[in-house]
Amino acid sequence: MKDSSMAVSGLPIKKDHSPMLALVLALACLAMLGPFTTDTYFPFFPDMEAHFAISQAQAQQSLTVYLFTFTAMMLFHGALSDSFGRRPVILVSLSGFIIASLLCAMTDNFSSLLVYRGMQGLFVGAGTVVGQAVIRDKFAGVQAQRLIAQITMLFGIAPAIAPLLGGWLHQYFPWQSSFFLLSGLGILILLLCFVSIDETLPPHSRQQFALKSILGNYIGIFREPRFLALSGCIATGFGGFLVYVGGSHDFIFKVMHMSSLQFGWLFIPIVIGLIAGSALATRLTGRVSNHAMINSSHLIMGVAAGFNVLYNLLTEPSMPMAVVPVLLYTFGLTLMMPAAMMLALDLFPQSRGTAASVQAFIQSLIFVLLSAFVVPVILGNGTLYASVMLVMLVGNVVLWNIYKTYR
């Protein structure tokens, strides 16, 4: 029997990769929506402080409330998709996000803005969580890990584009424009997902939506020390550079004394690190073991974090050297993430959505704690930013070694 890639005439038929490309783009856009919602409005903090007559700490609350609801809801997106299917959860959540973004843009009351930011947080995380489950539903092994790395590479563009777009909007439009932009992005992504993402969890594979069943899944996941260690490893790894994201308005305006149009000095190095690391991870997957990949990432991240502390202790931080460690750190992080995520999700093949929720919850919780309790303490001090990166790395290495003791 002839190979299916050959026509009757013997000439090869080109395979149509467009459905796969569309799926990768849709999943990457879902993952990018969270960073856009977090980062786009950072340049508008001073405008919002003036408009609502609030302090910098109060303006920070609009980020904290969003992150709190984002993190809390992370626990439920996966369970809902395990019970009702991946596609409905994605489409309904995107619709809710669009409505919440429009409400943010149209309010003239700061308390109402906090409520609507909380609504954004409730909906925006579904894409990231359910997207991970979609990947594991459709793909296995090396192919799934490469796909995660490719999506991470595309996702890495968001942290640079978002604040740059925000900085450009800040020059010409009022603060509401950032939320109108988010609603427009939500509409585009909703249309893309509607045509690109099919249901990947058939009805016979779904979990019963019952409190006892759901609680049983969560209890089983939270009792698995290997999963918790891997999820904590991913979360602390991200925490090392997310402290700069959470405090970016302070780092740019107060530490580096730059303008809203210069947010790229911080976020472009982050993107370069994320994209380069993801590209290398894609090439190494299947050739290098997951454990070797993670150990190598720790070495790279350790050099970055150590240099960062020494540099800030010895001299006044300035561009470009102030952000070189951040670039190197994110490069190392993205070598680690696909391998660690695969190891974690594969521990629960029957409830991947719920497992993805818990993993994302732990990652988001670290960001919330950093934004709410750490960033306000380190404002204006480059050495303290660098020290937090180092602490996150130490936690990352410790958790990885805890995982290895349970293997």
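Student: Where does A210 lie?
Tutor: In this predicted model, A210 lies in the loop that runs between helix 9 (176-196) and helix 10 (211-222).

Student: How accessible is A210?
Tutor: A210 is partly exposed, because its relative accessible area is 21% and buried would require a value under 20%.

Student: Before going on, what is the average pLDDT?
Tutor: The protein averages a pLDDT of 84, and 93% of the residues score at least 70.

Student: Over which residues does pLDDT stay under 50?
Tutor: That applies to residues 1-16, for which the model has nine contacts beyond four places in sequence.

Student: Let us turn to helix 14. Where is M293, and is M293 buried or exposed?
Tutor: M293 belongs to helix 14, which covers residues 290-314. M293 is buried, since its relative accessible area is 2%.

Student: What does M293 touch?
Tutor: Leaving out residues up to four places away in sequence, M293 touches Q145, A281, L284, T285, V288 and L335.

Student: And how far is M293 from M337?
Tutor: The C-alpha atoms of M293 and M337 are 9.5 Å apart, with 44 residues of sequence separation.

Student: What about N308?
Tutor: N308 is also placed in helix 14. N308 counts as buried because its relative accessible area is 0%.

Student: Which residues is N308 in contact with?
Tutor: Neighbours within four places in sequence aside, the contacts of N308 are Y244, A322, P325, A386 and M389.

Student: Changing topic to the backbone: which peptide bond is cis at P320?
Tutor: The bond from M319 to P320 is cis, and its omega is near 5°. P320 sits in the loop between helix 14 and helix 15 (324-345).

Student: What is the phi of A53, then?
Tutor: A53 has a positive phi of about 55°, although A53 is not a glycine. The residue is found in the loop between helix 2 (45-52) and helix 3 (56-84).

Student: Is A53 buried or exposed?
Tutor: A53 is exposed, because its relative accessible area is 68%.

Student: What about the phi of H257?
Tutor: The phi of H257 is near 55°, a positive value in a residue other than glycine. H257 is located in the loop between helix 12 (248-255) and helix 13 (264-284). H257 counts as exposed because its relative accessibility is 63%.

Student: On to charges. How many salt bridges does the structure hold?
Tutor: The structure holds two salt bridges. In one of them, D82 is paired with R86, and the closest N and O atoms are 2.7 Å apart. Both D82 and R86 are buried.

Student: And which side chains meet at 3.0 Å, N to O?
Tutor: Those are the side chains of E224 and R226, which form a salt bridge.

Student: How accessible are E224 and R226?
Tutor: E224 counts as buried because its relative accessibility is 16%, whereas R226 is partly exposed because its relative accessible area is 28%.

Student: How many disulfides are found?
Tutor: A search of the whole structure finds zero disulfides. For C29, the nearest cysteine sulfur is that of C193, 7.5 Å away, and C29 is in no disulfide.

Student: Are C29 and C233 buried or exposed?
Tutor: C29 counts as buried because its relative accessibility is 16%. C233 is buried as well, with a relative accessible area of 0%.

Student: One last topic: which residues form the nonpolar patch on the surface?
Tutor: The patch is formed by L390, V394, V398, I402 and Y406, which together have about 420 Å² of accessible area.

Student: Where is L390 found, and how accessible is L390?
Tutor: L390 is found in helix 17, residues 382-406. L390 counts as partly exposed because its relative accessibility is 32%.

Note on methods: Residues are numbered from 1 along each chain as its sequence is written. This is a predicted model: local features need pLDDT of at least 70, side-chain atom pairs count only at pLDDT 80 or more; totals for chains, interfaces and linings use all residues. Side-chain values use heavy atoms; hydrogens and water are left out. Helices (H or I, at least four residues) and strands (E, at least two) are DSSP runs, numbered from the N terminus. Buried means under 20% relative accessible area, exposed over 50%, partly exposed in between (1.4 Å probe, protein chains only). Contact means heavy atoms within 4.5 Å. pLDDT is the predictor's confidence in each residue, from 0 to 100. Patches are made of residues with over 30% relative accessible area and no salt bridge: like charges are joined within 9 Å, nonpolar side chains (Val, Leu, Ile, Met, Phe, Trp, Tyr) within 5 Å. Accessible areas come from the Shrake-Rupley method with a 1.4 Å probe; for residues, only the protein chains shown count as cover. A salt bridge is a side-chain nitrogen of Lys or Arg within 4 Å of a carboxyl oxygen of Asp or Glu. A disulfide is a pair of cysteine sulfur atoms within 2.5 Å.
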